[in-house]
Amino acid sequence: MGFFIDNELSDSFSLLANLMWMLGFTIPFAIFQKKWIYKIALWAYFLIGFIEIGHWITMKGPLTFTSLIIILNTNYEEAVSFLELKSTWGLIVLIIYSAIFIFALRISPKKKKVKNKLIHIGSVVIIFGVVVVSLISTIPKYRFLPQVAKMSYTFINNFSDYKKTGEENKLQIVDATFPQNQDQQHTFVLIIGESCSRNHMSLYGANINTNPRLRNRKDIIKYSDIVSGYNYTFQSVSAMLSQSSLENELDITESIDILDVFHSSGFETFWISNQSPIGFVDNVISGIARKSDYSKFVNANGNSTAESFFARAYDEDLFESFESVLKNKRGKNKFIVLHLMGSHYTYNKRYPSNFNHFKGENSKREKLIAEYRNSILYNDFVVDTILTILDKYTLSEEGDVSSAIYLSDHGENVYDEMNKIGHDFSKEMPKVLVEIPFIVWLSPNYLKNNKNKVATIFANKDRPYVTDDLFHSMIDISNIKSPLLEETKSVFNKNFNYNRKRILIDGKDYDRNNFLALTKR
């Protein structure tokens, strides 16, 4: 059923795993000739199959812990809309499947004499020995388990942590106010990209056309000298969204975050993500996300962060939810976060086939570079579409004042330095790991009503900046009044301190090292 609905999301190894586990029933039955073994096997596989087939039909993807979380967070109206199987082919499939089960349950399997029982027993021992070894070794966890078992394993091991992060991250009421104007609705959108290096963007001068859409826009402001303080998502995004930074080393659990500020100032808050809500990387971030008034995770293709990275995920899946939030919450101030999957490895899982523009057929290295560039090309389409949606909404709402920021959590090294790929490092941090795009979009009414601030936004577009201070910049661009705002840390403020030494996660001065590297060249 999975291959029939969406073969890109199907895992051929899962079919092999299910067949392998059948041996745990079929061989014992062949040896002992007990009908109850046969019936247990039938019931086990029927229930597993019924759940998985029903999930494929309704959710259009495999059963995962993430999809279970999405279902648990779905309200009644949403549930009715996508669980409606009446008069559909899905209901017919489940009826046929159930009929086959009933037929199989009623027949009596023929007893046959089995020779060489030791060979059968030995086969079972060897097969399950392989499974046990894989589970305790470095082979990916529960690779040999059926999908329901993998989901259950993840649920047992991660739900308590998932629940704990939600309980620990409670909204705090802080001193933050927004000057109310009954005639104007304010919307601020934060678009968080993933693993996007500006060195591969033609918008930033790369000699490949990866930004045909953004380059043609006349309504964006490109910031040229922005770096992330960190090379990993959970560190960089946590710092972006909170008071925590490289300079104060404040723990995220002790820090006020941007959800607290916008909520306290009267904004409705929304978080729409194409990343996993569970896993070592995402526990902290999803904890912050779940503080919003409305949070939705659209990527249900993996049980955890690690699994979702190897599954197909297209960021266009965010469009519908984004449009819905804009249209259905008219007349209210809104803070919306869109968390993209962007260009995260595996690169060729990040874009549909019609964006397979760049080719690299001579070597694995060239192939990976081409796939990464295709992901950047697709990301160009995604960001441009989001801004277009916001622009059309702004024009349809008279008096709406909107602004948006797009930036990446960190960069990516795609054989740009040290002949390596990825975003990790050991001794020396490649500069491409922190060199990211940073784009600002302002609506016509924002430009009209905030002329002094707009002048500063343009004046500072080439100033050096680290995104661990984004917390202050978001408060500033949204015109929220709060003692939490440190003007010297906002790149949109006339008092911005652009002389800050950019000492990043590797403990080195980015600008000094960059200058020395350029001097050597």
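Helices and strands here are DSSP runs, numbered from the N terminus, where a helix has at least four residues and a strand at least two. The structure is a predicted model.

**A loop residue**

With those terms in place, Thr467 can be located: this residue sits in the loop between β11 (465-466) and α17. Is Thr467 buried or exposed? A residue is called buried when its relative accessible area is under 20%. Thr467 has a relative accessibility of 1%, and therefore counts as buried. Setting aside neighbours within four places in sequence, the contacts of Thr467 are Ile226, Val227, Ser228, Gly229, Met240, Leu407 and Ile436.

**Helix α16**

Helix α16 covers residues 451-459, and its buried residues are Lys453, Val454, Thr456 and Ile457. These four lie on the same side of α16, because they cover an arc of only 160 degrees around the axis. As a general point, an α-helix has 3.6 residues a turn, so residues three or four places apart point the same way.

On the face of α16 turned away from the buried side are the exposed residues Lys451, Asn452 and Ala459.

**Helix α3**

Helix α3 runs over residues 35-59, 25 residues in total. From its first C-alpha to its last, α3 reaches 36 Å, close to the 36 Å expected at 1.5 Å a residue.

**A surface patch**

Which residues form a nonpolar patch on the surface? They are Met1, Phe4 and Trp89, and together they have about 350 Å² of accessible area. Met1 belongs to the segment before α1 (2-5). With a relative accessible area of 33%, Met1 is partly exposed.

**The chain as a whole**

The chain holds 18 helices and 11 strands. Of its 521 residues, 53% are buried. Among contacts in the chain with a separation of 6 or more, 76% are between residues 24 or more positions apart. The chain has an accessible surface of about 25200 Å², and carbon and sulfur atoms account for 57% of that surface.

Methods. Residues numbered from 1 in each chain as written. Predicted model: local features only at pLDDT ≥ 70, side-chain atom pairs only at ≥ 80, totals over all residues. Heavy atoms only, no water. Buried < 20%, exposed > 50% of the residue type's maximum accessible area, 1.4 Å probe, protein only. Arc of directions from axis to C-beta. Contact = heavy atoms within 4.5 Å. Patch = residues over 30% accessible without salt bridge, like charges linked within 9 Å, V, L, I, M, F, W, Y side chains within 5 Å. Areas by Shrake-Rupley, 256 points an atom, 1.4 Å probe, with all protein chains shown as cover. Salt bridge = Lys/Arg side-chain N within 4 Å of Asp/Glu carboxyl O. Expected span 1.5 Å × (residues − 1).
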